[in-house]
Amino acid sequence: MRVVVSVGGSVLAPDLDPERVAAYAEAIERLVADGCEVGVVVGGGGVAREYIETAREIGANEVELDRLGIGTTRLNARLLIAALGDRASLAPATDYEEAGAALRRDEVAVMGGVTPGQTTDAVAAAFAESVDADLLVYATSADGVYDADPNADPDATQYAELSPAELVEVVLPMSRDAGASAPVDLLAAKLIDRAGIRSIVLDGTDPSAVVDAALYGDHTGTDVVPVDGGEPSFWTGER
């Protein structure tokens, strides 16, 4: 099975916590040990947002803000690579061909951001499409996709399951400025819809949640299920 995991920067390294980074490396190693080919895309998190807001206040334009964010995502990616050791590519891949080549070498392919105007949400979806991934998992700070921001609206309702087209409609109103925070952004949703990628959006605070979701389909987040997609054959239900 080939799986791409998108890990938010604030999920991977809150307060640059080395124990959390090590735990994520262990989760990824578990997937590899169970026969998965794994690609990981790492976000910028709170550190990126701090840089972006500071630069915005001194007059940086959106492309400059995006470049700051990309740089931070690649720093976070290097943290994960350090924890994975020789199981991962030596440095964050800077394009999809480089990441795909790492998978062919049986390495864990780790990426950060790629280009201005594209979040790591979208990078993960494009990467998954480019390597024909069986599953795309978004490990976020929210337990799935909601009809409103659950941090701001106590009445926000979680979706247990959406089609890719429905996901596009849900995220369409969301802000897409550099540094905006949402479980999955609009471009990512459109790429998921275009490619018909089976996806999961879940709370990645506990790295073992990614393992349970990828190997068994067991999670409390949101399933994004293509219209013609049944349950993946690799979800055996056996632990």
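Author: Let us begin with a helix pair: α2 and α9 are roughly parallel to each other, where angles under 35 degrees count as roughly parallel, over 145 as roughly antiparallel, 65 to 115 as roughly perpendicular and the rest as oblique. Before we go on, note that this is a predicted model, in which local features need pLDDT of at least 70, side-chain atom pairs count only at pLDDT 80 or more, and totals for chains, interfaces and linings use all residues. Residues are numbered from 1 along each chain as its sequence is written, and side-chain values use heavy atoms, with hydrogens and water left out.

Reader: What are the angle and the axis distance for α2 and α9?

Author: Two packed helices are described by the angle between their axes and the distance between the axes. Here α2 and α9 pack at about 15°, and their axes are 9 Å apart. Axes are lines fitted to C-alpha atoms, for helices over the stretch in contact, and angles run from 0 to 180 degrees between N-to-C directions. Helices (H or I, at least four residues) and strands (E, at least two) are DSSP runs, numbered from the N terminus.

Reader: Is the crossing of α2 and α9 left-handed or right-handed, and which residues make the contact?

Author: A crossing is left-handed if the near helix is turned anticlockwise from the far one by less than a right angle, and right-handed if clockwise. The α2 and α9 crossing is right-handed. On the α2 side, Tyr24, Ala27, Arg30 and Leu31 make the contact, and α9 brings Val210, Val211, Ala214, Leu215 and Tyr216; contact means heavy atoms within 4.5 Å. Sorted by type, the contact of α2 with α9 has eight nonpolar residues, no polar ones and one charged. For that sorting, Ala, Val, Leu, Ile, Met, Phe, Trp, Tyr, Cys and Pro count as nonpolar, Asp, Glu, Lys and Arg as charged, and the others, Gly among them, as polar.

Reader: Which residues of helix α9 are buried, and what covers them?

Author: Buried means under 20% relative accessible area, exposed over 50%, and partly exposed in between (1.4 Å probe, protein chains only). In α9, residues 208–216, the buried ones are Val210, Val211, Ala213, Ala214, Leu215 and Tyr216. Their cover includes β1 (2–7), α2 (18–33), β4 (135–140) and β6 (199–203). Just after α9, glycine 217 has a positive phi of about 70°.

Reader: How does the pair of α3 and α4 read, roughly parallel or roughly antiparallel?

Author: The axes of α3 and α4 (residues 62–84) come within 9 Å and cross at roughly 155°, so α3 and α4 are roughly antiparallel to each other. α3 passes α4 in a right-handed crossing. The contact joins Val47, Ala48, Tyr51, Ile52, Ala55 and Arg56 of α3 to Glu62, Leu65, Leu68, Gly69 and Thr72 of α4. By type, the residues of the contact of α3 with α4 are seven nonpolar, two polar and two charged.

Reader: What can I say about alanine 55?

Author: Alanine 55 is in helix α3, and at 8% relative accessibility this alanine is buried. Beyond residues up to four places away in sequence, alanine 55 touches Ala60, Leu65 and Leu68. Alanine 33 is 22 residues from alanine 55 in sequence and 42 Å from it in space, C-alpha to C-alpha.

Reader: Now for annotations: where does UniProt place the "binding site" feature?

Author: UniProt positions are given in the numbering used here, feature names are shortened, and annotations may be inferred rather than shown by experiment. In an unreviewed entry, UniProt places "binding site" at Gly44, Asp66, Val114, Thr115, Pro116, Gly117, Gln118, Thr119 and Thr120. They span 77 residues in sequence, yet no two of their C-alpha atoms are more than 14.3 Å apart, so they gather at one spot.

Reader: Is glycine 44 buried or exposed, and what is it in contact with?

Author: Glycine 44 is buried, at 10% relative accessibility. It lies in the loop between β2 (37–42) and α3 (45–57). Leaving aside neighbours within four places in sequence, glycine 44 is in contact with Gly9, Thr72, Thr73 and Asn76. Threonine 115, in the loop between β3 (109–111) and α6 (120–130), is partly exposed at 34% relative accessibility.
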